Amino acid sequence: MDDIPPPLPANPVRFMDQFRACVRTRHLAYRTEKTYCGWVKDFIYFHQKRHPQEMGAIEVDAWLSYLANQRNVAINTQKTALNAIVFLYKHFLHKDLGQLAFTRTNKGRRLPTVFSHDEAMRVLGFMEGDHKLVASLMYGSGLRVMESVRLRVQDVDFSQQCLIIREAKGDKCRRTLLPKALLEALRIQIFLRAGTDIRNIQELLGHNDISTTMIYTHVIGIHERNVSSPLDR
């Protein structure tokens, strides 16, 4: 999968493999690792493949100014590039860059375009299957893309009606709401993953109504702190 770090040699020889190994010792997210590696490569190629050990603040300033003046990157993009290079020199090369004096980008921030509730529900209405469930989790529980696709059975707490997000951004864990509208879909998904059809469970328990089966398989919890998901509006 795209979010699983590829294995590295036991004793890395290549520069980028050594850098990746350093990043992993700091327990950064794999997406951060990929981002940092991309910016480090960009920095090296900008300076005609010179080794970073041979360069310093002057070269870093030139590259960061180029990103602002020629490539017209956004403020946050330049900040991410800066963070990658600072990490490279501080934690990998153990070299002090000193005071930097690069040109900071003046590309202003723009307010993001956000769907209204009705617009979001209409988009979800055109989706189906696993894609709809993942998108619904993103909207209804406030999950990031990778947080949605990496959810496991043990991360779903039906009794408390919440989700446990583990190893999130910054290597943190948090709890978030589990929308009532997704309870049945998630239960069915869990049973299917376990190789069990909920209709078979209904027959085994002798229930006429599948909703009764749902009550027996899990007790429906209530929302904490009187906060509701947008999917339940």
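Reader: Hi! Taking angles of 65 to 115 degrees as roughly perpendicular, at what angle do α2 and α3 pack?

Author: Hi! Keep in mind that this is a predicted model. In it, helix α2 and helix α3, which spans residues 57-69, pack at an angle of about 105°, and their axes are 10 Å apart. The two helices are therefore roughly perpendicular to each other.

Reader: Nice. Which residues make that contact?

Author: From α2 you have Trp39, Asp42, Phe43 and Phe46, and from α3 there are Glu59, Val60, Ala62, Trp63, Tyr66 and Leu67. By class, the contact of α2 with α3 has eight nonpolar residues, no polar ones and two charged ones.

Reader: And α2 against α4, what's the angle there?

Author: Helix α2 (residues 30-46) packs on helix α4 (residues 75-92) at about 85°, with 9 Å between their axes. That makes α2 roughly perpendicular to α4.

Reader: How many charged residues sit in that one?

Author: The contact of α2 with α4 has no charged residues; the classes are ten nonpolar and four polar. On the α2 side you'll find Thr35, Tyr36, Trp39, Val40 and Phe43. The α4 side includes Thr77, Thr80, Ala81, Asn83 and Phe87.

Reader: I was looking at Ile44. Is that side chain buried or exposed?

Author: Ile44 lies in helix α2, and at 12% relative accessibility it counts as buried, because the cut-off is under 20%.

Reader: What does Ile44 touch, apart from its neighbours in sequence?

Author: Setting aside neighbours within four places in sequence, Ile44 is in contact with Phe15, Lys49, Arg50 and Pro52. If you want a distance for reference, Ile44 and Met55 are eleven residues apart in sequence and 9.7 Å apart in space, C-alpha to C-alpha.

Reader: How many bridges join β1 to β2?

Author: Two bridges join β1 (residues 156-157) to β2, and these strands run antiparallel. Val156 stands opposite Leu163 in β2. β1 and β2 form a hairpin with four residues between them, and Gln161 in that turn has a positive phi of about 50°.

Reader: And how many for β2 with β3?

Author: Four bridges, again in the antiparallel sense, with β3 taking in residues 174-177. Across that pairing, Ile165 stands opposite Arg174, while Leu163 stands opposite Thr176.

Reader: What about Cys22 and Cys173, buried or exposed?

Author: One of each. Cys22 is buried, with a relative accessible area of 11%, whereas Cys173 is exposed, with 57%.

Reader: Last thing, the overall picture. How many helices and strands are there?

Author: The chain has ten helices and three strands. Along the sequence the pattern reads α-α-α-α-α-α-α-β-β-β-α-α-α.

Reader: What share of the residues is buried?

Author: Buried residues make up 37% of the 233 residues in the chain.

Reader: And of the contacts between residues at least 6 apart, what share join residues at least 24 apart?

Author: That share is 55%.

Definitions and conventions: Residues are numbered from 1 along each chain as its sequence is written. This is a predicted model: local features need pLDDT of at least 70, side-chain atom pairs count only at pLDDT 80 or more; totals for chains, interfaces and linings use all residues. Side-chain values use heavy atoms; hydrogens and water are left out. Axes are lines fitted to C-alpha atoms, for helices over the stretch in contact, and angles run from 0 to 180 degrees between N-to-C directions. Angles under 35 degrees count as roughly parallel, over 145 as roughly antiparallel, 65 to 115 as roughly perpendicular and the rest as oblique. Contact means heavy atoms within 4.5 Å. Ala, Val, Leu, Ile, Met, Phe, Trp, Tyr, Cys and Pro count as nonpolar, Asp, Glu, Lys and Arg as charged, and the others, Gly among them, as polar. Two strands pair if DSSP finds at least two bridges between them. Buried means under 20% relative accessible area, exposed over 50%, partly exposed in between (1.4 Å probe, protein chains only).
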